Amino acid sequence: RIFGVIVAESRHLQSETGALSVSRKTDSKDTAISLGKGRLIGGDCRPAVIAGPCSVESLEQMMNSAACLSKHGVFILRGGAFKPRTSPYSFQGLGIEGLKILRKAADEYGMLCVSEATSEGNIEVVADYCDIVQIGARNMYNYALLEKAGRIGRPVLLKRHFSATIKEFMLSAEYLLKSGNSNVILCERGIRTFENSTRSTLDISAIPLLRRETSLPIIADISHSAGRKDISAPLAAAALAAGAAAIMVEVHPCPQAAFSDGGQQLDLNDFGELVKSLAAFNA
Ligand code: PEP
Ligand code: MN
């Protein structure tokens, strides 16, 4: 591995921030995170695909999604129950009812599930129902929530804030480790730039840069970054080529009728095509 050499470089974050728990140790291997049910992500595992609707909307929607996704080898089902929406008038999620539906669909098809905790008030119930707790981009700077997530006893999928530097992202992950949770997955999900043909700009550089800095798995959300579905296949391929341990993608049985993020969600057929296009990555 090349990382031992890179660690010595003067621009390494560790030299600016002191020795962090989250930092890659010289010559260390990539860390595989144990997710439960014998499933792993990162390390030398084959790349994973985390997929599912933006929001949990109904049992039927989640069952249809899980049936199709599991057939394509997806073992982590996503679905938002507590939704961090830009407008307070937008669909806010089904809350605990949504978590119950997500769990039921995941169990029915032998999958794990991930959902976002948006506050210190709902993180415990998210951890009760889900195998992985997501901390969304908007909460990457919510240090009290990060500390609570550090004690929650579930792996955490931490998304990069759309305005966060890599160093800030690393330091937010450090809050999780310092609070006792080393089962952390870091997710690049696009940053704000002047470009407006995509919702955010998927920062591909962040993937190899983060891999230099930490041995934790780095994944890429190709849906919230692009905000469109027509470039999903090249974005997914680029992320995997750059070293992502997984991609996250929003998939909905009927995107036109979705309660949130309809424009960026793939339908089940398109998802099948996406998976086919990634055959070379063994994803
Ligand atoms: C999500 O994954 O449901 C989400 C809201 O993403 P982000 O926090 O990256 O905007
Ligand atoms: Mn979404």
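Helix 7 and helix 8 cross in a right-handed sense, the near helix being turned clockwise from the far one by less than a right angle. In this predicted model, local features need pLDDT of at least 70 and side-chain atom pairs count only at pLDDT 80 or more, whereas totals for chains, interfaces and linings use all residues. Residues are numbered from 1 along each chain as its sequence is written, chains are lettered from A and ligands numbered from 1 in the order in which they are written, and side-chain values use heavy atoms, without hydrogens and water.

The axes of helix 7 (residues 166–178) and helix 8 (residues 206–213) come within 11 Å and cross at roughly 50°. These two helices are therefore oblique to each other. Helix 3 (residues 59–71) packs against helix 4 (residues 96–108) at an angle of about 30°, with the axes 9 Å apart, so that helix 3 is roughly parallel to helix 4 (angles under 35 degrees count as roughly parallel, over 145 as roughly antiparallel, 65 to 115 as roughly perpendicular and the rest as oblique). The crossing of helix 3 and helix 4 is right-handed.

The residues surrounding ligand 1 (a heavy atom within 4 Å) include Glu 116, Gln 134, Arg 138 and His 224. Oxygen atoms of ligand 1 lie 2.8 Å from a side-chain N or O atom of Arg 78, 2.7 Å from one of Lys 159 and 2.6 Å from a polar side-chain atom of Arg 189. Ligand 1 taken alone exposes 290 Å², of which the protein buries 96% (Shrake-Rupley method, 1.4 Å probe).

Technical notes. Polar contact = N/O pair within 3.5 Å; in protein donor to acceptor, adjacent residues only side chain to side chain. Axes fitted to C-alpha atoms, helices over the stretch in contact; angles between N-to-C directions. Helix = DSSP H or I, 4+ residues; strand = E, 2+ residues; numbered from the N terminus.
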